[in-house]
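The sequence and the model are shown first.

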Amino acid sequence: MRKSGILMPVASLPGRYGIGTISKEAYKFVDRLKAAGVGYWQILPLVPTSYGDSPYQSFSTFAGSPYLIDLETLIDEGLLKRSECGRFDFGSDEECVDYEKLYRSRFKVLKLAFLRCDLSKDAKYKRFVSKNRFWLEDYALFMAIKDSYGGISFAEWDDDIRLRKKKAVDNYRKQYAKEIEFYRFIQYIFDKQWAALKAYANKNGVEIIGDIPIYVAFDSADTWSDPKLFQLDENRTPTVVAGCPPDAFSDTGQLWGNPLYDWKYHKETGYDWWIKRMRHCLKLYDVIRIDHFRAFDEYYAIPYGDKTAEFGKWKKGPGMQLFRAIRKELGDINVIAEDLGYITPSVRKLVNDCGFPGMKVLQFAFDPKNESDYLPHNYIKNCVVYTGTHDNDTLLGWYNSISKAERRFADRYLNNAGHEGKELVWDYIRLAIASTADTCIIPMQDYLALGSKGRINIPSTQGGNWVWRMKKGAFTLKLAKEINSLTSLYYRK
């Protein structure tokens, strides 16, 4: 079946209290997707954000972001008062997230809700804690300790707790028991709210495509609690870190800084951690998009301490062994392989052997000097086409920034007869939807025909990323019907 979807971060939804949440606006968005005849809602990672406010650098690969918890729901449940929420400054720009103000206010509000609830009598809470103990206990402890250190990286903690000496761990668990329970409570509320929204989406014919980073952050509960998973030295410092070599996004490459997996250890454990991770994701999402999929074949290892990603080396990843182990435990799962960038024959073979659809991005297609795999006439059916991803400019911003030669080629390819603005953007949307790709995903900003102001992220830059929000009422019923007209014309659901 030919499918279509919209890429829209939960954090980018409109609403009160500074950031998009699992709120009534999220349910309204599902209603609009249904009216648009769209079967997929693709989101960015739901995890807590850390360095640079990026959802690809998180304190936990399993936890949900406290920022996405809907305060209105907590008000309706009697855990908060509207007047209390109104006392805090969450930021006043309805089109931009202010993460500093969120950081200074959100946890204080959630603490008020926590102090009002009686978790000792909540059987559902106890079941949630028991079911998620394998990650939740270390995450809650990690965050409580981090708070006690004023938020600094665990690399700067005292050695006894940084190295997880048993006596130190026991002491911190006892000393910060209430704070640990607070972080369990946050995850319980997040899980409850997200499960309800996902059930509503599924009931209305909308499936969730969840985006998961291949790597975890160094300053995370994952790295601190289970260092054997990663290439660290005896002092728990990375020996090499993740990134990618120079490419179209950056002349010096992208230095992400994440610790790299010790794939030998993962193999010895039967890839247990990855199986648990994927099982957890299958509860949250219907389809899993794995970012930087090529690293399962070969990963780029940059010496720790380097200032750029120019001098890394490619090393062999786990390949099909990992996915055989996952399939043996979880059966066939729906995955989208993010296979963008420089792709070798061995990467293509891994994607093909897995059977997962890869990605095509229209903005990469229009090189006037060379024929591109991203041009629609070269697509195989088993792929997902995007006009752009969270790392791209909007279509309008991209078109206005490309070279004259690229623009001439693109205009010829689309037979553009002087279209500008919304008409121009919708020409490219039509091209993607009409393509032979089984699935087509369009960012919400492109359906809104926004310029570069709507861009989500500029890779290898700090500040000003992950902040865009859609204006309230922008996704109108009229727009939904226009989308429906186009998707139904090309037999997409």
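Two strands pair if DSSP finds at least two bridges between them. Strands (E, at least two residues) and helices (H or I, at least four) are DSSP runs, numbered from the N terminus. The model is predicted: local features need pLDDT of at least 70, side-chain atom pairs count only at pLDDT 80 or more, and totals for chains, interfaces and linings use all residues. Residues are numbered from 1 along each chain as its sequence is written, and side-chain values use heavy atoms, with hydrogens and water left out.

**The sheet**

Tyr386 stands opposite Ile441 in β12. Strand β11 (residues 383-386) and strand β12 (residues 439-443) pair in the parallel sense over three bridges. Both belong to an open sheet of eight strands, ordered β9-β6-β3-β2-β1-β12-β11-β10, in which the pairing is parallel. The edge strands, β9 (335-337) and β10 (358-361), each pair on one side only. On average, neighbouring strands of this sheet are turned by 25° against each other, direction ignored. In general, strands of a sheet pair through backbone hydrogen bonds, either parallel or antiparallel.

**Helices**

Axes are lines fitted to C-alpha atoms, for helices over the stretch in contact, and angles run from 0 to 180 degrees between N-to-C directions. Contact means heavy atoms within 4.5 Å. Helix α1 (residues 24-35) lies across β1 (3-7) and β2 (40-42), and runs at about 135° to β2. Helix α12 (residues 272-284) packs on the sheet, where it touches β3 (207-212), β6 (287-290) and β9; its direction makes about 130° with that of β6.

Helix α8 (residues 166-175) packs against helix α9 (residues 177-203) at an angle of about 80°, their axes being 5 Å apart. The two are therefore roughly perpendicular, a class that spans 65 to 115 degrees. On the α8 side, Tyr172, Arg173, Lys174 and Gln175 meet Ala177, Glu179 and Ile180 in α9. The residues of this contact divide into three nonpolar, one polar and three charged; Asp, Glu, Lys and Arg count as charged, Ala, Val, Leu, Ile, Met, Phe, Trp, Tyr, Cys and Pro as nonpolar, and the others, Gly among them, as polar.

**Cysteines**

A disulfide is a pair of cysteine sulfur atoms within 2.5 Å. A search of the whole structure finds zero disulfides.

Technical notes. Angles under 35 degrees count as roughly parallel, over 145 as roughly antiparallel, 65 to 115 as roughly perpendicular and the rest as oblique.
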